[in-house]
Amino acid sequence: FQWTKVINLHKQSTNSIKTPKYNLILGISFYYSGEYFRALDLFKESYKKIDLLDPSLKEYLLFFYYGLQRIMNIINENDYERATKTFEENSDMYMYKQLELATNLMGEMYSSENYTSDKFEEKINNIIKNPNSSKHILVLADIEIIHYKSEQLILKLIPLIELGLTNIVESEFNAINKEYDSILKRTQEINSTFINHFCSIRHSRFIVHFDCVVRRRKKSDFLDKVLPEILKNIQSSYLYFKEINHVENELYALTVLLEYYQNLEIDKKVLE
């Protein structure tokens, strides 16, 4: 996650001949820094000599090179599938791709009458049951599952409150928070600061969205004691992602921070 350092070291380099591995690493650094066109050029240069890369790094290159082209609409979903179908089954990049596919399927819940996505649940459970899934993959998969559950509760929240089913609301809310806390402990066990903040910002977003509904529908401020700590967590994650220059998550954390201030109607902070 030292992408800024990699880019700064590159800028100090005078050697014009770069290996495909060099271009791959630098391309990934620019990719996570949000400089997609720079990243694409570097991936293209690395791809020209892809046979010089180790097999595992070839998969990394294909994942990022064709994934970025898909983001930029240079290729379509079918082209991306054809380009990445050569991943060795159960390799790290194969499992990351499966996780990406599962996450994309989660969106089906928003158009479902019962707020579920059977395809997401099947895909994510296959990842968890796979004995070749690394500890990092398993934690990321569990984060997606609890994010899925938290979104389901938010979608059901207003009807549950209107029906006076506060016991169900509180029970599901507490269960989700316990799962988030459990996952955060696991991120410490695998020594991943990045995944810890990735999980923490998702948890904070859930708390903010939950409080937003409850505060207005139930006229309740029962989370007021918790919110100052949530603010600290949001700010901590934002500063971390900003420090490592992970633009996508930096913007995500900034959005959650904005939602926090909007929820509490702190107009001065919203305008900042």
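Visitor: Which residues lie nearest the centre of the largest pocket, and how many residues line that pocket?

Guide: The lining of the largest pocket comprises 35 residues, with Y32, F63, Y96, F194 and H246 nearest the centre. This is a predicted model, in which local features need pLDDT of at least 70 and side-chain atom pairs count only at pLDDT 80 or more, while totals for chains, interfaces and linings use all residues. Residues are numbered from 1 along each chain as its sequence is written, and side-chain values use heavy atoms, with hydrogens and water left out.

Visitor: What makes a space a pocket, and which residues count as lining?

Guide: On a 1 Å grid over the protein atoms alone, a pocket is an open set of points with protein on both sides within 12 Å along at least five of seven lines, and lining residues have an atom within 4 Å of a point. The volume of the largest pocket is about 1,400 Å³, a volume being the space filled by probe spheres set on the points.

Visitor: Which helices each supply at least two residues of that lining?

Guide: They are α2 (20-32), α4 (55-71), α6 (92-105), α8 (135-162), α10 (193-217) and α12 (247-263). Helices are DSSP runs (H or I, at least four residues) and strands are runs of E (at least two), numbered from the N terminus; the protein chain has 13 helices and zero strands.

Visitor: How does the lining divide into nonpolar, polar and charged residues?

Guide: The lining holds 21 nonpolar, nine polar and five charged residues. Ala, Val, Leu, Ile, Met, Phe, Trp, Tyr, Cys and Pro count as nonpolar, Asp, Glu, Lys and Arg as charged, and the others, Gly among them, as polar.

Visitor: Why is α10 called roughly parallel to α12?

Guide: The axes of α10 and α12 come within 10 Å and cross at roughly 25 degrees. Angles run from 0 to 180 degrees between N-to-C directions, and axes are lines fitted to C-alpha atoms, for helices over the stretch in contact. Angles under 35 degrees count as roughly parallel and over 145 as roughly antiparallel, so α10 is roughly parallel to α12. The contact (heavy atoms within 4.5 Å) includes F194 and F198 of α10 and N249 and Y252 of α12. Its residues divide into nine nonpolar, five polar and six charged.

Visitor: What makes α9 roughly antiparallel to α10?

Guide: Helix α9 (residues 166-189) packs against α10 at an angle of about 165 degrees, with the axes 9 Å apart. That angle therefore makes α9 roughly antiparallel to α10. Among the residues that meet are V169 and F173 in α9 and I195 and N196 in α10. The contact of α9 with α10 divides into eleven nonpolar, six polar and two charged residues.

Visitor: How do you know whether α8 is roughly parallel or antiparallel to α10?

Guide: The angle between α8 and α10 is about 5 degrees, and their axes are 10 Å apart. Therefore α8 is roughly parallel to α10. The residues of the contact of α8 with α10 comprise 15 nonpolar, four polar and six charged.

Definitions and conventions. On a 1 Å grid over the protein atoms alone, a cavity is a set of points where a 1.4 Å probe fits but cannot get out, and a pocket is an open set with protein on both sides within 12 Å along at least five of seven lines; lining residues have an atom within 4 Å of a point. Angles under 35 degrees count as roughly parallel, over 145 as roughly antiparallel, 65 to 115 as roughly perpendicular and the rest as oblique.
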